[in-house]
Amino acid sequence: MPKIEVDEMRCKGCQLCTKACPKQCIEMSDTFSKTGYYPAKLAKQDCCIGCAMCYQVCPDLAITVFK
Amino acid sequence: MNAITKRPESLLDVTMHYCPGCGHSVAHRLIAETMDELKIRERTVVVAPVGCAVFADKYFNCDSIQGPHGRGPAIATGIKRAKPDSIVFSYQGDGDLASIGMAEIVHAAARGENITVIFINNAIYGMTGGQMAPTTLVGQTATTAPKGRNPLLQGFPMNISEMLSKLESPRYIERVSVDSAPNVIKAKKAIKKAFENQVNKIGFSFVEVLSICPTNWGVTPLKGLDFLREKMMPQYPLGVFKDEKESVAQKIQEGK
Amino acid sequence: MAEKVLMKGNEALAEGAIRAGCRFFAGYPITPQNEVPEYMSWRQEEVGGAFVQAESEVAAVNMLYGAAATGVRSMTSSSSPGVSLKQEGITYLAGSDLPCLIVNVMRGGPGLGSIAGGQADYTQATRGGGNGDYRTIVLAPFSVEELGNFPKKAFELSEKYRIPAMILADGILGQMMEGMSYNFEPVDPAALCVKPWAIGPNTTGRKRNQVYSYGLAEGELEAMVLKRAERYALVERDEVIYEERNTEDADVLIVAYGISARASIAAMEIARAKGIKVGMIRPITLWPFPAKRIAELASKVKAVLCVEMSLGQMKVDVDLAVNGKTPTYLHAKSGAFFPVAEEIAVAIESALNGKKEQLFNLADLAEKATNERAEAKNAPCKEGALL
């Protein structure tokens, strides 16, 4: 199953990926990252289709997509 | 399972200083991917005049020169004329290019310099703290237009792509946006073409990129997307304004 | 030594730059330096270099900034108001440690001033002119021959220290014609050293090069400025150039550069014929200024006379050198009016004998202006109109 990994040190919590995901798989964490943001995370299992739309809009290259 | 996305080699592996949601870094990635794909990193120079992207030289893995506010196209002209084998791009914001640097961009375009210009339009001054730009929309508030841009006092927004497309020399002018994944993919195509034109000696190529500036607009990044789509796009329609297949030299040779 | 040919100053300069290996020129029309870009427009093409007529002085100097960063010997030229516009680029060139040549064929000022020759950009040239803590190496020719031969010297000094170099000429030198011969063989740009710091196509697998003048991290900018100051110190110690005439037995020492020095040579002949022992030191580098030598010479004379086409801009440096040990005087022409030998000769006598004729003294002007203002006292609001 495809998945994404979010680099919490790079994510600035802008939420753009949550809107870009066609399956609404991404949500924001409710805990701070070490850099002081609420980072994005893959919230639902077996949801990601590996389309990389989130990667396209991510300003901080914080997302890696696996397929 | 393999990673299908990869940070381009032409972009250094560092955290960028841009605010959350800022479109600059997306544009940076698209340029870096283009440099990788065209294998031009070793001969590319980024010209970074004053603005939020003044530190672009810390991010692109190629030679760089930081310049005075607005003078990117003049600096790029000097580099390209002195070293014609180099690939030179000027990366400019809207305060930089459309205000203080208006003469430089217009004349570099008019001379048909074989350079690439990436123009980030977010309708505001970013680095200095949200002052009114030539591209600020009518009614849009800014720290120097607290009641909103008033056309009676401050005139109307300037559409740079349309203006430059009236000149004879420019070969390629397109306005794109990085507000959504499909638009980012389109923006990549435009940016790649603007660099290919330089590699193939076609001539002056210009890509205007609509981008959000949540910090200085005073909205969340997601609300910023709404503003870009609902307010900016009607004023700054996306599209190709000029696309010439031949260089000026080829046209003159053929007597066109 | 090559045969002499008759050449106009500005053209001798342009050809001299080409022969020195200059392969990039950007400029903008302004009198009295127009022959420089005109000559460059066809000559650069002939030698495979680049010429750009820029849309403004500001654009021209930024083109220079880009070209200089590639390591190609590059120059721009202009005249006083245009050089004011170029200060933006000059401070970036200095802050980014780029060698290049900037030529100022000075005219009268301030403002639009006059198109005749002037020397009133001395302070601007020697102190930097733009923002920040920096210097440019300034060479001041006094003949067409020097105008033609100085570009090579300027490029060499500029590259040796990575400090922008300026040739500070004036409209009279630029426009006059004289016998010209070049004292060096034409430089082949391909034979010059590769600059390890230059940007452009990377053919050697070197690390990427960054050209910039900013330093925002704590201590970063200060470190950059101090590192540069080390080179300034070397320039001040090792690169001072000047010429002396008749200084062995002099009672009066003239200090003059450029066209003012030429008039002073003729004035010396007039004064010497009258039995006055007068000598001259001509600073050829205005920065670094020959302060040490002037101090030595000043200790042996009765008076020091500065001759310049500005109201004492150079005299500030002379006063700093003399340090109050010998009386200093000023014969000044401003408003783009050149010094005349007969008048300088009178000034020499005045300096020696404590007279006022042909000497400029700001305190005297204050007295005159005070009297004029007193007359206007009874006419309210007229005071400003008088000035």
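Author: Ten helices and seven strands form the secondary structure of chain B; helices (H or I, at least four residues) and strands (E, at least two) are DSSP runs, numbered from the N terminus. This is a predicted model, in which local features need pLDDT of at least 70, side-chain atom pairs count only at pLDDT 80 or more, and totals for chains, interfaces and linings use all residues. Residues are numbered from 1 along each chain as its sequence is written, chains are lettered from A in the order in which they are written, and side-chain values use heavy atoms, without hydrogens and water.

The radius of gyration of chain B, 17 Å, agrees with a compact globule, because 256 residues would give a value near 18 Å (taken over C-alpha atoms; the rule is 2.2 Å times the number of residues to the power 0.38). Of the 256 residues in chain B, 60% are buried (under 20% relative accessible area, 1.4 Å probe, protein chains only). Among contacts in chain B with a separation of 6 or more, 67% join residues 24 or more positions apart (contact means heavy atoms within 4.5 Å).

Of the two pairs of chains that touch, chains B and C have the most contacts. Chain B contributes 33 residues and chain C 32 residues. Together they bury about 2600 Å², with 60% on carbon and sulfur atoms (the accessible area, 1.4 Å probe, that two parts lose on being put together, summed over both).

Note on methods:
Buried < 20%, exposed > 50% of the residue type's maximum accessible area, 1.4 Å probe, protein only.
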